[in-house]
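Work through the exercises below with the sequence and the model at hand. Each task is followed by a solution in steps.

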Amino acid sequence: MSEVWKVPYVNYRIQSKLYGKDILKEIKRVMMDGDYILRDDVERFERTLADFVGVKYAVGVNSGTDALRLALRVCRISAGQEVIVSSHTFLATIDAIVDCGAAPILVDSDWDYNLDVKKVEENVNDFTIAVLPVHLNGRCCNMNYITSVTERRNLILIEDAAQALGAKYKGQKAGSFGVGCFSFFPGKLLGSMGDAGAIVTNNEEIYEKLRALRDYGRVKGQEQVWGYGYNSRLDNVQAAVLNYKFKYIPEWIERRREIASLYNQNLVSILGEHSIPIPPSDGDYYDVYQNYPVRVPYRDKCIEYLNSKGIEVLIHWKTPLNKQYNLGLQGFKLPMTEAISDDVISLPMYQELSDNQVDYVSDKIVEFMKKVEKHEFGYE
Ligand SMILES: *Cc1c(COP(=O)(O)O)cnc(C)c1O
């Protein structure tokens with residue numbers, strides 16, 4: 001959050017300036033009422049989220065990672081079982097699988113960063129219990145294909161929708177196809193002021209068990225516990241913050257789609273359509289652009305150049321999971337994920353970016369690419 005950047009990667013302070021006063025009122029209300037654990041704001045948030053995603057139930061938990069852990073636990077996924085999962089994902093997805101004792105089976109990505117659905121079924125065997133697609137960067141996986149495999153092979157479907165609140169596949173929202181997991185980490189489209197997450201489902205039994213699981217296994221109104229549980233409740237004060245922000249989500253998604261469209265127009269001729277995200281449409285895919293990744297030659301030089309112009313960028317992610325040797329996943333062959341890890345950068349993307357800032361970032365990429373064309377960095 002440093003002011004040294006002309007265009008920071010994300011800017012939490014702008015939201016504080018815009019909404020801080022109103023949010024403080026909400027926080028003060030929670031404080032004056034002393035409503036901290038599993039109170040009205042949590043319930044209201046769960047109702048709002050379930051309605052937005054188009055499912056019956058939502059359960060607030062204390063992070064996106066816990067949403068995944070609890071979703072896997074509630075489905076009784078355990079040691080000796082295999083979970084087929086996107087390889088190009090954040091560590092948390094894999095952490096959750098290993099945490100419940102199961103083995104992650106990494107499936108390589110397609111060029112749109114989501115898992116290559118054609119490779120899912122060849123990994124199904126007698127030990128397979130679930131498929132866990134990650135809707136990365138705000139774009140749904142091809143859910144027709146995935147649900148056809150999970151239904152035919154009788155597998156559990158858990159979605160990592162941490163980056164995909166509001167994204168749609170054929171009109172249906174991310175998280176509503178199976179058991180859906182969301183994160184409200186500050187950098188996500190809907191961000192709390194710390195850690196927060198939620199699980200959504202249409203299944204009443206799963207819903208009831210999740211409510212127990214997040215609260216030490218206790219079942220409300222019963223003496224018997226469901227089983228060993230966690231302390232993983234969504235804080236009421238975070239729920240109040242999220243409730244306040246929720247009304248802006250449709251507007252923020254629209255703005256992100258505008259920004260993506262502007263970046264795309266500015267960059268398509270210089271980078272090529274396969275090195276930039278797929279443009280926003282309202283066909284089979286409705287993307288929400290949680291991130292805006294581009295693939296560039298001479299990545300280190302490119303980052304250096306952009307930084308020198310006051311532009312902050314991130315890399316998601318520099319080391320593919322099969323090269324994180326302490327995780328023991330080096331057996332997986334992931335050529336596309338490795339190629340992406342070699343040359344991807346994420347450009348600034350948040351709804352408060354101005355068109356001028358987007359044009360500025362785009363201009364600097366064009367300038368950099370002109371240098372590449374003049375072989376200033378050598379010959380590739
Ligand atoms: C953010 C994120 C998570 C983890 O969520 P936390 O709230 O940070 O625990 C999991 N998966 C993906 C794809 C994410 O982007």
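**Exercise 1. The ligand shell**

Task: Find which of the 14 residues around the ligand come nearest, and name helices that supply at least two residues of the shell.

Solution. 
Step 1. Gly64, Thr65, Asp160, Ser183 and Lys188 come nearest among the 14 residues around the ligand; a residue is near a molecule if one of its heavy atoms lies within 4 Å of it. The model is predicted, so local features need pLDDT of at least 70 and side-chain atom pairs count only at pLDDT 80 or more, while totals for chains, interfaces and linings use all residues. Residues are numbered from 1 along each chain as its sequence is written, and side-chain values use heavy atoms, with hydrogens and water left out.
Step 2. At least two shell residues come from α3 (64–74), and at least two from α4 (91–99). Helices are DSSP runs of H or I with at least four residues, strands are runs of E with at least two, and both are numbered from the N terminus.

**Exercise 2. Polar contacts and burial of the ligand**

Solution. 
Step 1. A polar contact is a pair of N or O atoms within 3.5 Å; within protein, one must be able to donate a hydrogen and the other to accept it, and residues adjacent in sequence count only if both atoms are side-chain atoms.
Step 2. The contacts are as follows.

**Exercise 3. β1, β9 and β8**

Task: Determine how β1 is joined to β9, how β8 is joined to β9, and whether the residues of β1 are buried or exposed.

Solution. 
Step 1. Strand β1 (residues 57–61) has five of its five residues buried, where buried means under 20% relative accessible area and exposed over 50%, with partly exposed in between (1.4 Å probe, protein chains only).
Step 2. In a regular strand the side chains alternate between the two faces of the sheet. In β1, Tyr57, Val59 and Val61 point one way, and Ala58 and Gly60 the other.
Step 3. β1 runs antiparallel to strand β9 (residues 197–201), with five bridges between them; two strands pair if DSSP finds at least two bridges between them. Val61 has Gly197 of β9 as its bridge partner, and Val59 has Ile199.
Step 4. Strand β8 (residues 179–183) is also antiparallel to β9, over four bridges. Here Cys181 stands opposite Ile199.
Step 5. β9 is largely enclosed by the rest of the structure, because five of its five residues are buried. Gly197, Ile199 and Thr201 cover one side, and Ala198 and Val200 the other.

**Exercise 4. A sheet of three strands**

Task: Give the strand order of the open sheet of three strands, and explain why one side of each edge strand is left without a neighbour in the sheet.

Solution. 
Step 1. The order is β7-β6-β10, with antiparallel pairing.
Step 2. β7 (172–173) and β10 (285–286) are at the edges, and each has a single partner strand, so one side of each lacks a neighbour in the sheet.
Step 3. Two bridges pair strand β6 (residues 168–169) with β7. Lys168 stands opposite Lys173 in β7.

**Exercise 5. Backbone features in loops**

Solution. 
Step 1. Asn114 lies in the loop between β3 (103–107) and β4 (128–132) and is buried at 2% relative accessibility. A polar atom of the Asn114 side chain lies 3.3 Å from the backbone oxygen of Cys140.
Step 2. Asn154 counts as exposed, at 70% relative accessibility.
Step 3. A cis peptide bond, with omega about -5°, joins His316 and Trp317.
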